[in-house]
Amino acid sequence: HWPVFINVPDITSLVPPLQGLKGNLEMTLASRLSTHANLGHMNDYDDKWRLSLANLALVETQAITVTVLAATAAVLMG
């Protein structure tokens with residue numbers, strides 16, 4: 001019933017991979033931050049913010065890249 005799914009039916013093929021991507025990226029971020037915490041890299045307040053923002057930027061870049069690739073594949077296959 002959403003207009004976007006009616007107007008662009010190829011989008012429905014993107015929903016499951018993008019939901020899987022979301023879970024993978026969340027686990028990657030959690031793993032990176034917990035590794036830094038266990039190595040003692042996050043003992044200082046400034047280091048916590050620097051490492052957190054750097055890892056968030058990396059995960060966001062990965063998400064954008066994979067989403068663009070998935071969208072391109074869906075458009076080419078559709």
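This is a predicted model: local features need pLDDT of at least 70, side-chain atom pairs count only at pLDDT 80 or more; totals for chains, interfaces and linings use all residues.
Residues are numbered from 1 along each chain as its sequence is written, and side-chain values use heavy atoms, with hydrogens and water left out.

**Whole chain.** Start with the cartoon view. The protein chain has 3 helices and 0 strands, and its elements run α-α-α from the N terminus on. Helices (H or I, at least four residues) and strands (E, at least two) are DSSP runs, numbered from the N terminus. The C-alpha trace spans about 50 × 25 × 15 Å along its principal axes. The radius of gyration is 17 Å, whereas a compact globule of 78 residues would have one near 12 Å; the value is taken over C-alpha atoms, and the globule rule is 2.2 Å times the number of residues to the power 0.38.

Next, colour by accessibility. Buried residues make up 14% of the 78 residues, where buried means under 20% relative accessible area, exposed over 50%, and partly exposed in between (1.4 Å probe, protein chains only). Of the contacts between residues at least 6 apart in sequence, 53% join residues at least 24 apart; contact means heavy atoms within 4.5 Å.

**Asn55.** Select Asn55, in helix α3. Asn55 is buried, at 6% relative accessible area. Which residues is Asn55 in contact with, leaving aside its neighbours within four places in sequence? They are Leu29, Arg32, Leu33 and His36.

**Tyr45 and Trp49.** Stay on helix α3, residues 45-77, and show Tyr45 and Trp49, which are 4 residues apart and so separated by about one helical turn. Rings of Phe, Tyr and Trp (its six-membered ring) pair if their centres lie within 6.5 Å; planes under 30 degrees apart count as stacked, over 60 as edge-to-face and the rest as tilted. By this rule there are 2 aromatic pairs. Tyr45 and Trp49 form an edge-to-face pair, 6.4 Å centre to centre with 70 degrees between the planes. Tyr45 is exposed at 54% relative accessibility, while Trp49 is partly exposed at 48%.

With Tyr45 and Trp49 they form a nonpolar surface patch of about 470 Å² accessible area together. Patches are made of residues with over 30% relative accessible area and no salt bridge; like charges are joined within 9 Å, nonpolar side chains (Val, Leu, Ile, Met, Phe, Trp, Tyr) within 5 Å.

**Salt bridges.** Side chains of opposite charge can pair when their charged atoms come close. A salt bridge is a side-chain nitrogen of Lys or Arg within 4 Å of a carboxyl oxygen of Asp or Glu. How many salt bridges does a search of the whole structure find? The search finds 2.

- Select Lys22 and Glu26: their closest N and O atoms are 2.8 Å apart. The two are 4 residues apart in helix α2 (residues 15-39), and therefore about one helical turn separates them. Glu26 is partly exposed at 43%, and Lys22 is exposed at 51%.
- Select Asp47 and Arg50: their N to O distance is 3.6 Å. Both lie in helix α3, 3 residues apart, about one turn of the helix. Asp47 is partly exposed at 25% relative accessibility.

Methods
Accessible areas come from the Shrake-Rupley method with a 1.4 Å probe; for residues, only the protein chains shown count as cover.
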